[in-house]
Amino acid sequence: MSTLVRPGFVVWLTGLPSSGKTTLAHALGRLLAERGIDAALLDSDELRRRLTPNPTYSDGERDGFYRTLAILAELLAAHGVNVLIAATAPKREHRQAARDRISRFAEVHVDCPPEVCRARDPKGLWRRADRGEINTLPGAGAPYEAPEAPEVRIDTSCRPVDAAAREILAQLDAQGFWA
């Protein structure tokens, strides 16, 4: 006898490097937990270390990585697991592929100007790009295609993380996303 599992949801937080995607995903996860909703976090930095231990950040490698990320989220959601994804996914097609495969999908644009991302820069990627050491950083040497119609757009340049996470919840609540 099989039981039907309600599909989980997937919320993909996308934005420039150092825009606050991972920090915001953790805060969103805490708020969901307060509501009794568990969610797994697929963080691109953590997964990239496991899936592509020596990344080149070529277009082909990125396409494969984000395709794999979308498939993982799809599989988890199909088994009733709620998923938060923190990943730049610089091409709209990366995120659209996930949207096409996942019935309960929301895209959150973590909108932050490059100059603020540069000032944050916890991994030193923007500094390296500015010195010409890397040319594959989305927003600095490589293109980043911002979402055209995300479910939520959140400016993280001057908003505290917890307030931004609460705003994401409120906007998704208003859209009936969790229902």
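Colleague: Which residue lies over the face of Phe65?
Modeller: Keep in mind that this is a predicted model. A charge counts as sitting over a ring if, for Arg, CZ is within 6 Å of the ring centre and within 35 degrees of the ring normal. Here the distance from the ring centre of Phe65 is 4.2 Å, and the residue over its face is Arg48.

Colleague: How are the rings of Phe9 and Phe177 arranged?
Modeller: Two numbers describe a pair like this: the distance of the centres and the angle of the planes. For Phe9 and Phe177 the centres are 5.7 Å apart and the planes make 65°. An angle over 60 degrees gets its own label, so the Phe9 and Phe177 pair is edge-to-face.

Colleague: How many residues apart are Phe9 and Phe177?
Modeller: The pair links distant parts of the chain. Phe9 is in the segment before β1, while Phe177 is in the segment after α7. That puts them 168 residues apart.

Colleague: Which residues do ring pairs link into a cluster?
Modeller: Phe177 pairs with Phe9, and Phe177 also pairs with Trp178, edge-to-face at 5.1 Å and 80°. Phe9 and Phe177 are both buried, and Trp178 is buried too. The cluster is Phe9, Phe177 and Trp178.

Colleague: Is Ala89 buried or exposed?
Modeller: Ala89 sits in the loop between β3 and α4, with a positive phi of about 45° although it is not a glycine. Buried means under 20% relative accessible area. Ala89 has 0% relative accessibility, so it counts as buried.

Key:
Residues are numbered from 1 along each chain as its sequence is written. This is a predicted model: local features need pLDDT of at least 70, side-chain atom pairs count only at pLDDT 80 or more; totals for chains, interfaces and linings use all residues. Side-chain values use heavy atoms; hydrogens and water are left out. Rings of Phe, Tyr and Trp (its six-membered ring) pair if their centres lie within 6.5 Å; planes under 30 degrees apart count as stacked, over 60 as edge-to-face and the rest as tilted. Helices (H or I, at least four residues) and strands (E, at least two) are DSSP runs, numbered from the N terminus. Buried means under 20% relative accessible area, exposed over 50%, partly exposed in between (1.4 Å probe, protein chains only).
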